[in-house]
Amino acid sequence: MTAVEYQGPGLPPLQPMDRSARIDRLRAALGRWGENGGVEAIVVHKPANIRWLTGFTGSNGLLLVTDEAVVAVTDGRYQDQIAAELAEAGVEATVEITITEIGRVLADHLGSRRRLGVESHHVTWRQHDDLAEWLPNAELVPLDKPLEGLRRDKDDGERSRLARAAAIADAALARVLPRLGSRPTERQMARALENAMFDLGADALSFDTIVAAGPNSALPHARPTDRVIEPEDLVVIDFGAAIDGYGSDMTRTFVAGGEPTPEQQRLWDAVREAQAAGVAAVADGAAERSIDAACRSVLVGHGLGDAFTHSTGHAIGLEIHEDPILSARAVGILRAGYVVTVEPGVYVPGVGGVRIEDSVIVGNGGCQPITHSPKQLAPLPA
Ligand code: ZN
Ligand code: ZN
C-alpha cells in the first residue's frame with residue numbers, strides 16, 4: 001500500500017490503493033459466479049485485471065485466486081518487476097517464474113478444488129485448451145467479465161487517481177489553448193497538449209490524443225494530421241492523462257479564432273444543452289440508458305438526432321472504455337462510486353463536429369465532475 005502523498009498545488013491528493021480489499025471482494029464473489037453454485041477458484045489472464053488485483057503491470061502472466069492462495073505466474077523477464085510491484089502494492093502472493101511448469105503450478109495450488117472460473121471474454125482458444133490439458137480434473141467454468149463487474153465500483157484510491165489525472169488534463173489544456181488561434185497544425189497542438197500533461201505529472205496518456213479541426217472534426221475518432229488549424233475551424237480536442245494506469249477523459253470543442261458562425265454556435269449550444277442534461281441525469285440508481293436518453297432527446301429536439309452517431313458515455317479506469325457503456329441499449333443501473341463520462345456529440349459532414357465530454361463520479365442524488373475545464377466556444381477568455 002502506498003502512503004498518502006501530495007504533489008503540487010491544485011492537484012488532488014492520492015489515497016491508498018487497498019488491493020487486499022479487492023482480493024476479498026473477489027473471493028466473496030466466487031460463490032455467486034457461474035451456474036450451479038459458483039466457482040471455487042478463478043484464473044485471471046487479462047492484464048488489466050491482474051494489475052487491478054495485484055499491481056503487476058507485466059504483459060505476460062496469469063493469476064490464480066483460491067480461498068487460500070493468490071498465485072502469480074509469469075516468465076523470467078518479469079522476475080524482478082513482479083516482486084517489486086507486488087511489494088509496492090502490499091499484496092501477499094506466491095510468485096512462480098516459469099514457462100514450462102505452468103500446468104503443474106496451477107494443479108498444485110488448485111488442489112482438490114474442481115470448479116475453476118475462466119475469463120471467457122478474454123482467453124484464447126489455445127489458452128482454454130492448455131487449461132483443459134493441464135487440469136484434467138477441473139471443470140472450467142466460463143465467466144463473462146467477472147472482474148470487470150467488480151471494477152465498476154471504484155474505490156477511494158482509484159477515484160483519487162482519476163481525479164488527479166483529470167486535474168492534470170485541465171491544467172494542460174489551459175496552458176496550451178492560447179496557441180489555438182495562431183494556426184498550429186492538429187499534430188502540433190496534440191503534441192503540445194501531451195507535453196504539457198507530462199510536464200504536469202502524468203505517467204502516461206489515457207489514449208491517443210484527438211485534435212480534429214474543420215472537416216476532420218466531423219469524424220468522432222479522427223487522428224491528428226498535419227492540417228493547419230484555421231481561425232474559422234471548429235476544433236474537437238479529446239484527451240486524457242493517466243496516473244498509475246488510471247486515465248482521465250475529457251472533450252472540449254472550440255472555434256480556433258474565437259468567432260463562431262451562427263451554425264457553429266447552434267451546433268455547440270445544442271451539444272452543451274444535451275451534455276448538461278446528461279450530467280444532470282447521472283445519479284445512484286439511475287438506469288444507464290436514461291443518461292443516453294437525456295442527451296439524445298435534447299439533440300432530437302434540435303433536429304440533430306441523426307447527427308449524434310455514438311453512445312453517450314462509458315466508465316473510465318485502468319482501461320479507457322470500461323463497463324458500463326452508457327448507450328440506448330444499456331440495461332444496468334448506475335451506482336455511487338462509478339466514474340463515467342457524458343459525451344454527446346454531433347457530426348455534420350462538410351460543416352464539422354462538436355463534442356463536449358466530462359468525467360463524473362456517480363453519487364447519491366447526483367454526480368461530481370472531475371473534469372473542470374471551462375465550456376466555451378472561444379479558446380480565450382472574452
Ligand atoms: Zn474522450
Ligand atoms: Zn470518452
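1. Charge. The chain carries 36 positive and 53 negative side chains. The centres of the two sets lie 2 Å apart. Lys and Arg count as positive, Asp and Glu as negative, while His and the chain ends are not counted. Each charge is placed at NZ of Lys, CZ of Arg, CG of Asp or CD of Glu.

2. Basis. This is a predicted model, in which local features need pLDDT of at least 70, side-chain atom pairs count only at pLDDT 80 or more, and totals for chains, interfaces and linings use all residues. Residues are numbered from 1 along each chain as its sequence is written, chains are lettered from A and ligands numbered from 1 in the order in which they are written, and side-chain values use heavy atoms, with hydrogens and water left out.

3. Overall dimensions. Along its principal axes, the C-alpha trace spans about 70 × 40 × 35 Å.

4. Domains. The domain assignment gives domain 1 (19-151) and domain 2 (156-369). Such bounds come from an automatic or database domain assignment. The domain centres, taken over C-alpha atoms, are 35 Å apart. Seven residues of domain 1 are in contact (heavy atoms within 4.5 Å) with eight residues of domain 2.

5. Fold content and packing. The chain has 10 helices and 19 strands. Helices (H or I, at least four residues) and strands (E, at least two) are DSSP runs, numbered from the N terminus. Of the contacts with a separation of 6 or more, 67% join residues 24 or more positions apart.

6. Burial and surface. Of the 382 residues, 53% are buried. Buried means under 20% relative accessible area, exposed over 50%, and partly exposed in between (1.4 Å probe, protein chains only). The accessible surface comes to about 16200 Å², and carbon and sulfur atoms hold 51% of that. Areas come from the Shrake-Rupley method with a 1.4 Å probe; for residues, only the protein chains shown count as cover.

7. Helix 2. This helix (residues 47-54) is mostly covered, with six of its eight residues buried. Those six are A48, N49, I50, W52, L53 and T54.

8. K145 is not a glycine, yet has a positive phi of about 55°. K145 sits in the loop between strand 6 (139-143) and helix 6 (146-151). Its relative accessible area is 33%, so K145 is partly exposed. D244 is another non-glycine with a positive phi, about 50°. The loop that holds D244 runs between strand 10 (241-243) and strand 11 (246-247). D244 has 32% relative accessibility and therefore counts as partly exposed.

9. Cis peptide. The bond from D323 to P324 is cis, with omega near 0°. P324 belongs to strand 14 (residues 322-326). This bond deserves a look in the model.

10. Helix 9 and L377. D269 lies in helix 9 (residues 262-281). With a relative accessible area of 36%, D269 is partly exposed. D269 and L377 are 108 residues apart along the chain, and their C-alpha atoms are separated by 9.3 Å.
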